[in-house]
Amino acid sequence: MPKHISLLVSERDKLTPSFTLTNRFLYNKDMKLISINIENNLHTETVLNFLKKEQADVVCLQELLEEDFDFYKKELNLGGVFQAWSYVKSPLYTNIIGKKQGVGIFAKNIIESGSIFYFGEKNNIEKSFDE
């Protein structure tokens with residue numbers, strides 16, 4: 001049975017464990033997966049300390065700046081893939097407006113197998129994964 005623990009980000013910038021997936025049927029071992037919206041580079045030190053402490057098998061980071069992708073790969077000692085999905089536009093992030101942000105997926109044993117990216121436009125959503 002999968003065990004779920006919520007991820008909390010408080011005003012004091014503290015993180016708690018996110019998600020542990022147990023899959024005894026396929027591998028007879030536990031797998032820890034953590035997924036966080038990191039709000040670009042607002043919480044880098046806190047997020048990095050949390051991820052290093054938790055030692056997850058898979059880490060998914062939303063709102064990751066493209067320029068920070070290699071930094072996280074090196075610091076976490078994990079392989080990874082990145083897909084940009086927009087440019088930062090919010091006035092809350094004046095120092096990074098115009099930079100690419102997206103999703104980074106990091107894992108201990110990542111296999112590069114290609115990818116399909118759907119931006120969310122109606123004609124893309126209706127496509128199958130085989131197209």
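Buried means under 20% relative accessible area, exposed over 50%, and partly exposed in between, with a 1.4 Å probe and protein chains only. I start with that cut-off because K52, at a relative accessible area of 35%, is partly exposed by it.

Ground rules. I'm working on a predicted model, where local features need pLDDT of at least 70, side-chain atom pairs count only at pLDDT 80 or more, and totals for chains, interfaces and linings use all residues. Residues are numbered from 1 along each chain as its sequence is written, and side-chain values use heavy atoms, with hydrogens and water left out.

Entry 1, strand β4. Helices (H or I, at least four residues) and strands (E, at least two) are DSSP runs numbered from the N terminus. I looked up β4, residues 58-65, and found seven of its eight residues buried. β4 pairs with β6 (residues 100-107) in the antiparallel sense, over seven bridges; pairing needs at least two DSSP bridges between the strands. I also noted L65 standing opposite Q101 in β6.

A nonpolar core here is a set of buried Ala, Val, Leu, Ile, Met, Phe, Trp, Tyr and Cys residues joined through side-chain atoms within 4.5 Å. The largest one has 16 residues, and I36, L51, L61, Y72 and F106 touch the most other members. β3 (29-37), α1 (44-54), β4 and α2 (69-76) each give two or more residues to this core. Helix α1 supplies the largest share, four residues. I then listed contacts (heavy atoms within 4.5 Å) for L61, skipping neighbours within four places in sequence: I36, I38, L51, Y72, G102, V103, G104 and F106.

I found N40 in the loop between β3 and α1. N40 counts as buried, at 2% relative accessibility. Beyond neighbours within four places in sequence, N40 is in contact with E63, L65, V88, Y93, I96 and Q101.

I searched the whole structure and got five, each a side-chain nitrogen of Lys or Arg within 4 Å of a carboxyl oxygen of Asp or Glu. K52 forms one with E75, closest N and O atoms 2.7 Å apart. K52 sits in helix α1 and E75 in helix α2, so this pair ties together parts 23 residues apart in sequence. E75 is partly exposed at 28%.

E54 and K32 also meet, at 2.7 Å, N to O. E54 is in α1 and K32 in β3, 22 residues apart. E54 is buried at 12%, whereas K32 is partly exposed at 23%. K53 bridges to E54 as well, at 3.7 Å, and K53 is exposed at 61%. I logged K32, K53 and E54 as a linked network of salt bridges.
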